[in-house]
Amino acid sequence: MVLPPPPSQPPPGVLGRRSALLGTAAWCLGAAACSGGAKSSPAPSSSGSGSRGPSAAASPTGLPSASGSPSGPADTLPKAVLWRPGPGEIEPAAKLAAVRLVEALGTWPAGQSGREAAAARLVALGVSESLAVQLADESGSLAPSADAAVVRVIDAQYGGILSDTASVLVVCDQPTLAGSAVHHGGTTVDVRLSRDSGGWAVTALHPAAPGPAKALGPAARDVLAQSRIELPPASVADIRSGAVHDSVLRAMLQLAGSYRLSVSVVRSGHPLDVFGTDRPSDHPLGRAFDVWRIDGRPVVDPSTSRSLITGFMRAGAAAGSYNVGGPVQLAGGATANQFFSDDTHHDHVHVGFSS
């Protein structure tokens, strides 16, 4: 399918002329439809949409598809691929609402960069103009300086979930185009949502801010060189910043001796406090990491062997973790609270350290 070209200029103001906004939205919808879906089950339907942001049922927009691939010519971007929840999710609508907004904010064709165009893409999703402006202002590392960009979501996991509020950590690759050069980057966004009778809606964004790179110690170099440890861009930057404790790095290396681990979050892009409490989380202190996939099998998938997950959780404790959380409540820890399970950790394994 040949897509019509996008508008060459962003609409004036946040909304711009109605015809320009609708034209941009229509082009984005066509691009998303042609890009294909993720290799997972179809997205579930939602009962409705909230007034504060896109609901899970909102049509994804703002997802242009370039003609190249990561290994293609230097002047092309990979195609946009819509993330969809797989089986086993407890609140797929919350994750879809978070992901669709991040995809729309962090993906744009040439001529559609900048705050006003980003806000317009959110308005096209059904976000109110005032909230769209707020979220565009909060986009941070999701809005790098570039002519064009494509967000490809690696994983969406809970930073916390309660009955009517949630944190969804959207872990992204984000290749960008500047002139004729493609740059490979990405970030993790802590997306905050609330739920009312209309469904889940985004209320705020907290993108990762890992800090500048520093000289690496031997454990950090070994983790970055270990092919059995898959790290998303924000986690790589966390390690390069020197703010991750050696206890975390050594545990990753020890676990990699027996497992292939796909890390979702290390330090940045995670809530500062344990969600719903005023207790500081170990993540921002550089003393924890989360794993969303073990030996290529997603933790959230009910077909993933429970023995694989429980074995990994016990191996995390053996690697020195005082606080291992996951979808299974284990007994027999060194302390009463060494293992834990709750809805937040239904989709990943948390491995935390006291120092």
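Start by selecting α7, whose buried residues (under 20% relative accessible area, where exposed is over 50% and partly exposed lies in between, with a 1.4 Å probe and protein chains only) pack against α5 (218–225), β8 (229–230), α6 (233–240), β9 (261–265), β10 (288–294) and α8 (306–318); contact here means heavy atoms within 4.5 Å. Helices (H or I, at least four residues) and strands (E, at least two) are DSSP runs, numbered from the N terminus.

This is a predicted model, in which local features need pLDDT of at least 70 and side-chain atom pairs count only at pLDDT 80 or more, while totals for chains, interfaces and linings use all residues. Residues are numbered from 1 along each chain as its sequence is written, and side-chain values use heavy atoms, with hydrogens and water left out.

Staying with helix α7 (residues 246–256), highlight Ser247, Val248, Leu249, Ala251, Met252, Leu255 and Ala256, which are buried.

Next, select β9, where five of the five residues are buried, so that the strand is largely enclosed by the rest of the structure. Two strands count as paired if DSSP finds at least two bridges between them. β9 pairs with β8 in the parallel sense over two bridges, and Glu230 has Ser262 in β9 as its bridge partner. Four bridges join β9 to β10 in an antiparallel arrangement, with Val265 standing opposite Asp290 of β10.

Of its 38 residues, Leu101, Val102, Leu122, Val170, Val191, Leu193 and Leu205 touch the most other members. At least two residues of this core come from each of α2 (92–106), α3 (115–125), α4 (129–137), β2 (152–161), β3 (165–173), β6 (186–196) and β7 (199–207), and the largest share, ten residues, is supplied by α2. Centre the view on Leu205 and, leaving aside residues up to four places away in sequence, you will find that Leu205 touches Leu101, Leu105, Leu135, Glu138, Val189, Asp190 and Val191. A second, separate core of 34 residues includes Met252, Ala256, Leu308 and Val349.

Finally, select the open sheet of three strands, which has the order β1-β4-β5 and antiparallel pairing. Its edge strands are β1 (148–149) and β5 (181–183), each of which pairs on one side only. Between β1 and strand β4 (residues 176–178) there are two bridges in the antiparallel sense, and Ala149 has Thr176 in β4 as its bridge partner.

Key: A nonpolar core is a set of buried Ala, Val, Leu, Ile, Met, Phe, Trp, Tyr and Cys residues joined through side-chain atoms within 4.5 Å.
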